[in-house]
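Here are my notes on the model, as numbered points. Please read them with the coordinates open.

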Amino acid sequence: MKFFIDTGNPGEIQAAKDMGVLDGVTTNPTLLARENKPYKELLAEICRITDGPVSAEVTAVDAAGMFKQGKDLAKIADNIVIKVPIIKDGVIAIKKLTSEGIKVNVTLCFSSTQALIAAKAGATFISPFVGRLDDISTSGMQLIEEIITIYDNFGFETEVLVASVRHSMHVVEAALMGADIVTMPFNVIEKLLNHPLTDIGLKKFLDDWAKVKK
Ligand code: G3P
């Protein structure tokens, strides 16, 4: 399973890279706005750090505007992937962008029918938002299971990119289901390592080592 980091912060991206777990980056307008830098320069910096795909989201809501913005964003670097919302105009933009060889990450997916349409339109990645579904008392991970089953049934090549990940169990369940990618904030990546028995065990080893004759 590939790990993407969901951030616009170059320091966090470099830290994930240093840990050897960085397969790609997802950004969105909210995450880029937090960094307070010109967005194209910021995306270029992120693309330089990252060897894998970097998702950059369009903000136009009409097909022609999304296509134009997507083409413009794609010029920033070879590893840019255009993030397009799953609305009717978005579907038209997905087809146009992919027909020009530009990779598309379809975002704001909350149902398996949206995921099915995205795959039929040729999406490279589908991003179902599991945390935001959980927030409204609906199972985000059940949606992932449905999408994986539907894509497997028909051999769609669109990769399932689990997004809006809030905690380690989202990652465990996504891995058990065979999701292609999980994108998560840096603090979730760090939490994947946490185990109290590791901390207790390390402390005991270090305490005992202090007693060894040197
Ligand atoms: O980048 C899209 C997604 O991962 C957003 O997550 O936490 O804002 O629901 P969140």
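1. Which side chains does a polar contact of 2.7 Å join? They are those of serine 127 and asparagine 105. A polar contact here is a pair of N or O atoms within 3.5 Å; within protein, one must be able to donate a hydrogen and the other to accept it, and residues adjacent in sequence count only if both atoms are side-chain atoms.

2. A word on the basis. This is a predicted model: local features need pLDDT of at least 70, side-chain atom pairs count only at pLDDT 80 or more, and totals for chains, interfaces and linings use all residues. Residues are numbered from 1 along each chain as its sequence is written, and side-chain values use heavy atoms, with hydrogens and water left out.

3. Overall layout. The protein has 11 helices and eight strands. These are DSSP runs numbered from the N terminus: helices are H or I with at least four residues, strands are E with at least two. The C-alpha trace spans about 75 × 40 × 30 Å along its principal axes.

4. Burial and contacts. Of the 214 residues, 46% are buried. Buried means under 20% relative accessible area, exposed over 50%, and partly exposed in between (1.4 Å probe, protein chains only). Take the contacts between residues at least 6 apart in sequence: 56% of them join residues at least 24 apart. Contact means heavy atoms within 4.5 Å.

5. Surface. The accessible surface comes to about 11200 Å². Carbon and sulfur atoms hold 56% of that surface. The areas come from the Shrake-Rupley method with a 1.4 Å probe; for residues, only the protein chains shown count as cover.

6. Back to serine 127. This residue lies in strand β6 (residues 125-128). Serine 127 is buried, at 1% relative accessibility. Setting aside neighbours within four places in sequence, its contacts include Asn105, Thr107, Cys109, Leu161 and Ala163.

7. The threonine 50 side chain reaches the backbone oxygen of isoleucine 46 at 2.8 Å. Not counting residues up to four places away in sequence, threonine 50 touches Ile13, Leu22, Gly24, Val25 and Asn79.

8. Salt bridges. The rule is a side-chain nitrogen of Lys or Arg within 4 Å of a carboxyl oxygen of Asp or Glu. The count by this rule is nine. One of them pairs lysine 37 with glutamate 45, with the closest N and O atoms 3.3 Å apart. Lysine 37 is partly exposed at 39% relative accessible area. Glutamate 45 is also partly exposed, at 26%.

9. How far apart are the closest N and O atoms of lysine 203 and aspartate 207? They are 2.8 Å apart, in a salt bridge. Both residues lie in helix α11 (residues 196-211), four residues apart, about one turn of the helix. Lysine 203 is exposed at 52%, while aspartate 207 is partly exposed at 36%.

10. Helix α11 also holds aspartate 208 and lysine 211, three residues apart. Their side chains meet in a salt bridge at 3.1 Å, N to O. Aspartate 208 is partly exposed at 27% relative accessibility; lysine 211 is exposed at 64%. A network of salt bridges links Lys204, Asp208 and Lys211.
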